[in-house]
2 protein chains.
Amino acid sequence: MNSDFLEAQRKLVPEMMDLMQQRYSALKIIDMNGPIGRRQLGQVARLSEREARNVLEALRDAGLIRIEKEGASVTEEGRQMLSSLRTSMDDWSGRNTLARYLEQTIGIRKVIVVPGDSDVTSSVKAVIGKEAAEQFVTLIGDGQIVAVTGGSSVAAIPPFIGKFPEAERLRFIAARGGVGEDIGLQANVISALFAQACGATYSTFYYPETLSEEAHEVFRKEPAALEMMAQYEKTDCVLHGIGDAKKMAAMRNSSDEELELLEQGKALGEAFGYYFDENGNVVYRLRTVGIQTEQLEQVPLLIAVAGGASKAAAILAYMASAPRQTILVTDEGAAAEMQRILRKNT
Amino acid sequence: MNSDFLEAQRKLVPEMMDLMQQRYSALKIIDMNGPIGRRQLGQVARLSEREARNVLEALRDAGLIRIEKEGASVTEEGRQMLSSLRTSMDDWSGRNTLARYLEQTIGIRKVIVVPGDSDVTSSVKAVIGKEAAEQFVTLIGDGQIVAVTGGSSVAAIPPFIGKFPEAERLRFIAARGGVGEDIGLQANVISALFAQACGATYSTFYYPETLSEEAHEVFRKEPAALEMMAQYEKTDCVLHGIGDAKKMAAMRNSSDEELELLEQGKALGEAFGYYFDENGNVVYRLRTVGIQTEQLEQVPLLIAVAGGASKAAAILAYMASAPRQTILVTDEGAAAEMQRILRKNT
DNA sequence: TTTCTATGGACAAAAAATGTCCCGCATATT
DNA sequence: AATATGCGGGACATTTTTTGTCCATAGAAA
């Protein structure tokens, strides 16, 4: 309940959250470090002298701290406030610091961490979808080409995309040819869902995967295939999921030699039909028409969507070589696990 | 729960609360008035064109409104936010607007409305006390004389006054001589409670009420009485309750002629031993040494404390002639009833 | 006593918010 | 069809606020 309220507030008055967190953490620091002075607080909380002073004065006016010659200390009321806000604030601000930690460590544009773990609570996927939808709508420009991949994570986005002004001039395409059986999660279908959700156009493209090498050669030169490959060159935005290498291979009924390759290459993550090892190296790729990793570098808006602790390793594998402009929307379960892995490896 | 959180927030980031309310009410207005423009919204919400513009842009960035050629309208997400915040915000902001309405209508410095009704929930008295204590501590200066009256409302304040720097140099006195039987609520005792709570000094003074007219004359010239009256001249702050005229008269075992006078004069409220009618006229006053209404005008800090719907009429009676610098701390029950009475009389 | 660190005052410089225009455009009205 | 109204958005000079920074001074500790 409280958490909902915080989320709602973050929407309504985003400026407030910074201030609130600043003051709350200052209060915490004052509580722990006994009487503390303005400059000292500034150092600990990474605030300039003036900022520290402002915070201090605000807290004093609120009656939360007492401010005397030997420094500032928390009043009884301040202590009550601290304990009454502890759970919800720490929860919220914990996810925030987690997100910033990942942004810096992975080295990508932005990480958004929603509460929960989609492995445990399935509804968390919808929250990820919602957040991703918001990023997409906010950042997408006019008249652009958007490539989407398959997977349930990406499929969770369209329900949260309403009609917006620029939408009509967008074109959604599948980032690759068809996957396996589960038709609900195919990239083709999902691009249609997107287009339908916001009133945009879309191109379908079906690429039979289980073909012989010769058939592939022929197919690649088909007008439809060439057209698709031209679109990939002009792609402005990619919305994609990240899969666990083993699960993906299993879902795709991969051949024994494929499995062998993945096993030997220690593949962990999968995205766009590429399999990545721990260090982001491509160890295998599906033979299909689709967007290429080199092309990704040129795409200005890249949104990766994946959640659940079980996907942490896969996400990290892909992120090791992901373009800097990537935005990752994930959940607390995956984010926490990613942090644990990263800390272990250092 | 949510309401608690808002209260906590009001303490932690008070600057933002009006911003939040501004945006929330703007969102409500946009929701109701269909597509509405910047200037029009400004008129309805009493915002300048620029302010309206800022609010509009903030709401747009939050994805809560859609802003098109024909004006701004609420998105689905905005509608959800609206309904999810409705109860808590309306509750909170309702009390706020109630407070401002009373400030303007009564014409006093400040009105604070706490949630609840002390007639119904007795713990609300403590909240009033807490809020009054905060006002007092914030606004009281150094080395001042504070006069307090009796009554359970004022008695609810001391528990929330901690020791603060200026406290040692304060002096608490009773605003009048003794009241009736209930010793727990006598002004003398309460001044002692205040002094004890914050480590200040206090003067006791006992004035026997049930004396003949001649005895009064003599008593008034006693050194102790004269000393007390001199203190009243120098009083810097008054903390007082407001009583219902009839109940007070009954509690005081008033004589038949007194009751007759109160009845004829249509006394509604009581404060400092003065009885007031609907228009704030003094219809009767107790024969006792105490602070005078004329002196009140000179007192810079006046805090009136009273709650419960049943006291609404009494509060209004006193407030009709209360000095402008008065701060009233009351509860929702009383405030709502006061508003009803005021609206009926216009 | 000396030294250290604290607060609070002060103030110029920088940054942000505000009021107030105008423009082009769509829609409603005459 | 012509006109008027109300819309968003750009622009800009002018406040108003915030920020960085210095200094004076007062307790606490050494």
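Modeller: Let us begin with B:Gln295, a residue of helix 13 (residues 293-296) of chain B. Helices (H or I, at least four residues) and strands (E, at least two) are DSSP runs, numbered from the N terminus. Please note that this is a predicted model, in which local features need pLDDT of at least 70 and side-chain atom pairs count only at pLDDT 80 or more, while totals for chains, interfaces and linings use all residues. Residues are numbered from 1 along each chain as its sequence is written, chains are lettered from A and ligands numbered from 1 in the order in which they are written, and side-chain values use heavy atoms, with hydrogens and water left out.

Colleague: Is B:Gln295 buried or exposed?

Modeller: Buried means under 20% relative accessible area, exposed over 50%, and partly exposed in between (1.4 Å probe, protein chains only). B:Gln295 has a relative accessible area of 14%, so it is buried.

Colleague: With which residues is B:Gln295 in contact, leaving aside its neighbours within four places in sequence?

Modeller: Contact means heavy atoms within 4.5 Å. By that rule B:Gln295 is in contact with B:Tyr232, B:Glu233 and B:Gly290, once neighbours within four places in sequence are left aside.

Colleague: How many salt bridges are there over all chains?

Modeller: A salt bridge is a side-chain nitrogen of Lys or Arg within 4 Å of a carboxyl oxygen of Asp or Glu. The count over all chains is 25 salt bridges. One of them joins B:Asp90 and B:Lys28, at 3.3 Å from N to O. This pair links distant parts of the chain, with B:Asp90 in helix 5 (residues 76-107) and B:Lys28 in helix 2 (residues 14-32) of chain B, 62 residues apart. B:Asp90 is partly exposed at 27% relative accessible area, and B:Lys28 is partly exposed at 25%.

Colleague: Which residue forms a salt bridge with B:Glu49?

Modeller: B:Arg38 does, with the closest N and O atoms 2.6 Å apart. B:Glu49 counts as partly exposed at 38% relative accessibility, as does B:Arg38 at 25%. The side chain of B:Arg39 also meets B:Glu49 in a salt bridge, at 3.7 Å from N to O. That pair again runs from helix 3 to helix 4 of chain B, and so ties together parts that are 10 residues apart in sequence. B:Arg39 is exposed, with a relative accessible area of 55%.

Colleague: How many aromatic pairs does the structure hold?

Modeller: Rings of Phe, Tyr and Trp (its six-membered ring) pair if their centres lie within 6.5 Å; planes under 30 degrees apart count as stacked, over 60 as edge-to-face and the rest as tilted. The structure holds 14 aromatic pairs over all chains. The rings of A:Phe172 and A:Phe194 have centres 5.1 Å apart and planes at 25°, so they are stacked. This pair links strand 5 (residues 171-174) of chain A, which holds A:Phe172, to helix 8 (residues 187-198) of chain A, which holds A:Phe194, 22 residues apart. A:Phe172 is buried at 0% relative accessibility, and A:Phe194 is buried with a relative accessible area of 0%.
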